[in-house]
Amino acid sequence: MNTNKVCAVVVTYNKIDLLKECISRLEKQTFLLNHLIVVDNASTDGTGDYLDQISKSNSSVIPIYLLNNIGGAGGFNAGIKSS
């Protein structure tokens with residue numbers, strides 16, 4: 001019995017197609033994710049709507065919406081702090 005718990009943090013900014021591919025591949029990993037934290041770095045390409053939609057149907061997806069783009073390091077910091 002595997003008791004490992006896995007959490008992934010993904011940071012995105014206006015890359016909705018790559019985000020969809022990333023999430024799809026993460027969901028197919030050997031170890032199932034307990035939580036998938038997706039930090040939206042103030043995207044303007046519909047990412048927020050997409051995250052709203054998938055988080056309603058998949059409780060392991062936890063979106064974090066930033067008001068400003070604080071860069072990759074800032075996004076990962078926000079995601080890790082929330083876990």
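Tutor: What follows begins with the pair itself and then widens to the chain around it.

This is a predicted model, in which local features need pLDDT of at least 70 and side-chain atom pairs count only at pLDDT 80 or more, while totals for chains, interfaces and linings use all residues. Residues are numbered from 1 along each chain as its sequence is written, and side-chain values use heavy atoms, with hydrogens and water left out.

The structure holds one salt bridge, a term that stands for a side-chain nitrogen of Lys or Arg within 4 Å of a carboxyl oxygen of Asp or Glu. The partners are Arg25 and Glu21, whose closest N and O atoms are 3.2 Å apart. Both belong to helix H1 (residues 16-26), and because they are four residues apart there, about one helical turn separates them; helices here are DSSP runs of H or I with at least four residues, strands are runs of E with at least two, and both are numbered from the N terminus. Arg25 counts as exposed at 55% relative accessibility, whereas Glu21, with a relative accessible area of 39%, is partly exposed. In these terms buried means under 20% relative accessible area, exposed means over 50%, and partly exposed lies in between, using a 1.4 Å probe and protein chains only.

The pair can also be set against the charges of the protein chain, which has 7 positive and 7 negative side chains, the centres of the two sets lying 7 Å apart. In that count Lys and Arg are positive and Asp and Glu negative, with His and the chain ends not counted, and each charge is placed at NZ of Lys, CZ of Arg, CG of Asp or CD of Glu.

Along its principal axes the C-alpha trace spans about 40 × 25 × 20 Å, and 34% of the 83 residues count as buried.
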